[in-house]
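User: I would like to learn how to read helix packing and sheet order in a model. Please take me through one case.

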Amino acid sequence: MKEEQQNNNIDQNTNRLPDAENPYKLLDLKLAKVKISAAGVPAVIAAMTDLVEEKTFFRGNKALLKMNQKGGFDCSSCAWPDPDDDRSPIGEYCENGAKALAEEATTKKVTAVFFKQNSVYDLSKLDDYQIGKMGRLTEPMYLPEGATHYQPISWDNAFKKIALHLNALESPNNAAFYTSGRTSNETSFLYQLFAKEFGTNNMPDCSNMCHETSGSALRTTIGIGKGTVTLEDFYDTDMVIIIGQNPGTNAPRMLSALEKGKANGAKIIAINPLPEAGLMGFRNPQERKGVIGGGIKLADLYLPVKINGDMALLKAIGLLLIEFEKKNPGQVFDSDFIKEKTSGYNEFLKQFENYDLDDLAELSGVSKDLILEAVEMMALKKRIIVCWGMGLTQQPNGVAMIREILNILLLKGSIGKPGAGVCPVRGHSNVQGNRTMMIDEKPTNEQLDRLQAFFGFNPPREHGYDVVNVIKAIHEEKVKVLFCMGGNFLSATPDTTYTAKGVRKLNLLVSVSTKLNRGHLIHGKESLILPTLSRSDIDLVNGEPQFISTENSMGVVQSSKGILKPISDKLINETQIVCRMAMATLGSKSVVNWSHYHDNYDAVRDAIEKCIPGFEDYNIRVRNKGGFYLPNAARDGKFITKQFGDRAPFTLTEIPDNKLAPGEYLMATTRTHDQFNTTIYGLDDRYRGVKNERRVVFMNQKDIDSAGFTAGEKVDLFNYDDDIERIAPLFIIVSYQIPEGNTVTYFPETNVLVSVNNVVKESNMPASKYVKIKIKKHDPAIFERIKNI
């Protein structure tokens with residue numbers, strides 16, 4: 001018992017957790033100097049510190065040497081691509097990748113003893129950071145209806161329980177199957193196959209919350225919902241524009257690519273409400289100048305755009321480019337490209353007769369002088385890459401803004417050629433691969449026809465629920481079983497209180513996980529936790545080590561093979577979880593040979609090859625060092641869409657009205673540097689100078705003064721969308737360099753303020769970067785009001 005307690009973060013004298021404090025209790029906030037460059041020695045120290053804290057220093061360092069290396073395993077963090085050739089022998093990973101590895105390579109365990117000694121209620125009082133630090137799950141756990149504690153369950157009985165619930169549903173559409181971006185190509189393909197053979201397209205996934213907007217904008221304009229550049233394009237380009245993206249935290253290895261491009265003469269423009277360290281400078285820890293010197297300056301120009309002022313800024317850039325082209329005919333625009341590859345050019349130009357530069361500058365929050373400087377930098381450039389992240393995709397008009405970016409690139413002919421194009425920076429490591437594998441609530445008829453031809457069953461044609469719609473369907477009890485393949489559904493989704501109330505109505509919630517998270521504690525009437533292998537774990541099937549495959553954000557499919565001994569012998573891989581669920585649920589009714597796929601990843605890849613274009617000779621090419629590129633017609637300058645044929649259309653877009661009522665502010669949610677998605681590694685945001693606290697609200701000092709607040713004061717945050725009062729209590733004001741009228745907070749703490757109806761037009765994603773809030777002095781009685789919501 002003593003050994004179990006040591007491995008489970010349980011006090012050895014009481015067999016209890018450390019005191020579960022009020023989750024709204026503030027810690028000892030300390031502010032430091034805001035950084036002007038990212039990475040360097042502090043990043044190395046932070047990464048190694050996490051390995052020590054997770055009691056996996058030697059085990060973890062062994063794994064780091066193989067992470068993102070050819071023949072090694074793919075990082076479970078971001079989807080930034082690995083170099084095709086020159087991978088660093090020192091380490092092809094970043095600080096956050098090392099922290100992600102520490103979390104999965106930890107020697108801490110969450111066993112049945114842990115759950116026996118700690119009720120769901122007690123665990124739920126911990127904050128997300130405390131919950132995530134408990135360690136790796138070691139065996140299947142089950143929470144019966146009305147029970148207070150999870151209890152162990154065998155794998156066979158877990159699958160019987162799932163089958164019982166699924167087969168008892170009135171309709172297959174009463175179930176939904178959620179997917180995290182960590183899930184491999186092989187698992188993703190089988191997972192969607194099972195859902196379709198079961199009879200539903202209810203497949204909400206993490207794309208519905210991060211880059212659905214990118215796909216919606218790109219598919220209808222350039223014919224593919226992905227980026228068009230390769231990593232090599234960053235090394236040899238004229239300009240990189242980074243808008244609504246913070247590479248220093250969200251994709252730190254991107255900094256190395258920017259460094260190489262900069263060394264080769266590229267100019268960099270950064271556009272963001274906050275002057276993020278990763279946009280300003282880079283201290284490469286593998287270079288002498290990054291260790292003992294000051295590193296390099298990255299951004300040649302920073303444009304401090306207002307939240308959702310991006311569209312006005314893009315229009316201003318377009319307006320000035322047109323003026324420059326009139327003064328320098330044929331030198332600014334690529335007239336041949338426009339004539340041969342686009343449509344709608346004249347209509348696009350005509351709209352600018354109605355725009356005024358002064359008005360556009362005021363709406364954007366960026367001065368005319370800075371906008372003019374940006375246009376002067378880009379006017380004669382022909383090879384331009386534009387990168388964006390959730391700073392654009394989670395805006396109500398995000399689809400339109402991405403199309404406006406495409407408008408500018410079409411004017412310049414800066415797409416479909418080396419060193420030029422679009423680069424949506426994907427968040428999770430295989431979120432793009434999931435969609436390629438048909439994890440999609442809206443599959444096309446062509447995709448379904450191929451499945452039907454190969455497997456011999458007629459898949460459902462009716463579109464299913466995305467994340468926002470599945471939340472509503474759960475609330476309305478139209479969905480009664482939710483199966484989550486990875487992720488932390490509750491903490492990732494918007495409108496936390498509304499979502500939590502819905503989840504509690506589920507008959508069954510199933511979570512395939514590596515670690516404990518809040519989604520296990522806000523549960524359905526019954527709940528199952530199914531522990532699985534991580535990327536770094538050795539995956540043995542019938543005694544033979546296996547590899548999986550993933551697709552990075554630039555369309556490279558590569559193998560991933562773990563090297564660490566799993567922390568428990570009761571873990572099974574995700575592919576086997578899907579197959580066993582399918583066999584238990586469908587039984588003899590199935591026309592799919594699930595037992596064959598259960599034991600043979602090559603067989604899964606053979607099926608993928610038959611059903612998804614671009615995967616010819618999958619099993620051969622995925623074994624090549626570095627993998628292979630999927631076809632990308634837009635990368636080759638071929639824009640094939642149903643509506644416009646082989647031409648990319650210029651799109652007419654509108655400027656939004658962002659007027660605020662008195663006392664209102666626009667809030668955007670963001671990550672700290674010490675987290676990845678909903679996984680919180682620590683309580684510091686080193687680059688922004690915030691230490692030991694997450695419940696902060698960044699405000700412009702003028703806003704602080706005019707509202708009668710003081711920096712460091714405690715406040716409560718409110719949202720009133722849909723005539724509903726949403727409350728995020730007890731935050732600390734931090735004065736920061738941010739446009740007036742704008743605020744920034746961390747998620748998931750303020751997801752509670754994001755209405756489920758505040759969504760991006762066309763993509764239906766939560767618009768978490770555009771939330772209207774009011775800020776009031778903290779009222780200690782607020783907690784009683786929250787209890788009654």
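User: At what angle do the axes of helix α16 and helix α19 cross?

Analyst: First, the ground rules. This is a predicted model, where local features need pLDDT of at least 70, side-chain atom pairs count only at pLDDT 80 or more, and totals for chains, interfaces and linings use all residues. Residues are numbered from 1 along each chain as its sequence is written, and side-chain values use heavy atoms, with hydrogens and water left out. Helices (H or I, at least four residues) and strands (E, at least two) are DSSP runs numbered from the N terminus. Axes are lines fitted to C-alpha atoms, for helices over the stretch in contact, with angles from 0 to 180 degrees between N-to-C directions. Here α16 (residues 310–327) and α19 (residues 357–364) cross at roughly 150°, their axes coming within 8 Å.

User: How are α16 and α19 oriented to each other, parallel or antiparallel?

Analyst: Angles under 35 degrees count as roughly parallel, over 145 as roughly antiparallel, 65 to 115 as roughly perpendicular and the rest as oblique. α16 and α19 are therefore roughly antiparallel.

User: Which residues make the contact between α16 and α19?

Analyst: Contact means heavy atoms within 4.5 Å. From α16 come A312, L313, K315, A316, L319 and L320, and from α19 come L357, L360, L363 and S364. By class, this contact has 8 nonpolar, 1 polar and 1 charged residues; Ala, Val, Leu, Ile, Met, Phe, Trp, Tyr, Cys and Pro count as nonpolar, Asp, Glu, Lys and Arg as charged, and the others, Gly among them, as polar.

User: In what order do the strands stand in the sheet that holds β10?

Analyst: Strands of a sheet pair through backbone hydrogen bonds, either parallel or antiparallel. Two strands pair if DSSP finds at least two bridges between them. The order is β2-β10-β11, an open sheet of 3 strands with mixed pairing. β2 (38–39) and β11 (296–297) are at the edges with a single partner strand each, so one side of each has no neighbour in the sheet. β2 and β10 (residues 281–283) pair in the parallel sense over 2 bridges, and A39 has R283 as its bridge partner in β10. Helix α13 (residues 254–263) lies across β2, β10 and β11, at about 105° to β10.
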